[in-house]
Amino acid sequence: MRNVVLFGPPGAGKGTQSEILLQRYGLIHLSTGDIFRANIKGQTELGQQAKAFMDKGELVPDSLTISMLESEVAKHPQANGFIFDGFPRTSAQADALDAFLQGKGNAITCMLALEVNEDELIKRLLNRASTSGRADDADESIVRNRIAVYNRETAPVADYYRSQNKYRGVQGVGSVEEITTRLCAELDAFIEA
Ligand code: AMP
């Protein structure tokens, strides 16, 4: 089983690249942001709880996020593996994911991190607002808060995978195809190892 964490700040291109990689490697794409948004649309209790945090660009509490992620994984017992997009975003989530996978005799294969500078991220997110329809993309102060939250709470998660020699950074600026090629080269190296 191959389990890939596609990592990077908001606007780095995780969703776009996940859609390509899942086809290439036959993986299931789990985006916690997408799942929360589907819950908000479906007016579930989880959606209502998550919305208050998402509207401000804050993280949804770990307890809610971890149990939601675990139940999503459990929906795909036959999966070849997963691309985790937007998860883990805290050290507690990384610990929980490891324990959860270990309980199933699995592990994270690697973390691939898309590296994009902050000015480019802000530009991309504000541009994306017109097509994503996401309120958290349209408001520059919320966009900046999401990036600050990423730097403060999420970026340290990379060290967790670095210490296991599972982390690779990839330049996230260029054409979609160029970035896919870089990601696949890193992922293939982990698969062949
Ligand atoms: P994204 O679609 O990944 O940009 O996520 C949008 C929003 O969903 C984030 O700003 C958070 O409020 C929430 N969110 C998504 N994934 C997580 C996570 N792993 N932990 C906590 N909050 C999350």
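This is a predicted model: local features need pLDDT of at least 70, side-chain atom pairs count only at pLDDT 80 or more; totals for chains, interfaces and linings use all residues.
Residues are numbered from 1 along each chain as its sequence is written. Local features need pLDDT of at least 70, side-chain atom pairs count only at pLDDT 80 or more, totals for chains, interfaces and linings use all residues, and side-chain values use heavy atoms, with hydrogens and water left out.

Start with the whole protein chain, shown as a cartoon. Its secondary structure comes to ten helices and five strands (DSSP runs numbered from the N terminus: helices are H or I with at least four residues, strands are E with at least two). Along the principal axes, the C-alpha trace spans about 45 × 40 × 30 Å.

Next, select the ligand. The space that the ligand takes is the largest pocket. On a 1 Å grid over the protein atoms alone, a pocket is an open set of points with protein on both sides within 12 Å along at least five of seven lines; a molecule sits in it if more than half of its atoms lie within 2 Å of its grid points.

Now show the 15 residues around the ligand, meaning those with a heavy atom within 4 Å of it. Thr32, Arg37, Glu58, Gly86 and Gln93 come nearest. Helix H2 (residues 32-41) gives the largest share of this shell, four residues.

- Glycine 86: a polar backbone atom is 2.8 Å from a nitrogen atom of the ligand.
- Arginine 89: a polar side-chain atom lies 3.0 Å from a ligand nitrogen atom.
- Arginine 134: an N or O atom of the side chain is 3.1 Å from an oxygen atom of the ligand.

Then move to proline 88, in the loop between strand E3 (81-85) and helix H5 (91-103). The peptide bond from phenylalanine 87 to proline 88 is cis, with omega near 0°.

Finish at glutamine 43, in the loop between H2 and helix H3 (45-54). Glutamine 43 is not a glycine, yet has a positive phi of about 55°.

Technical notes:
A polar contact is a pair of N or O atoms within 3.5 Å; within protein, one must be able to donate a hydrogen and the other to accept it, and residues adjacent in sequence count only if both atoms are side-chain atoms. On a 1 Å grid over the protein atoms alone, a cavity is a set of points where a 1.4 Å probe fits but cannot get out, and a pocket is an open set with protein on both sides within 12 Å along at least five of seven lines; lining residues have an atom within 4 Å of a point.
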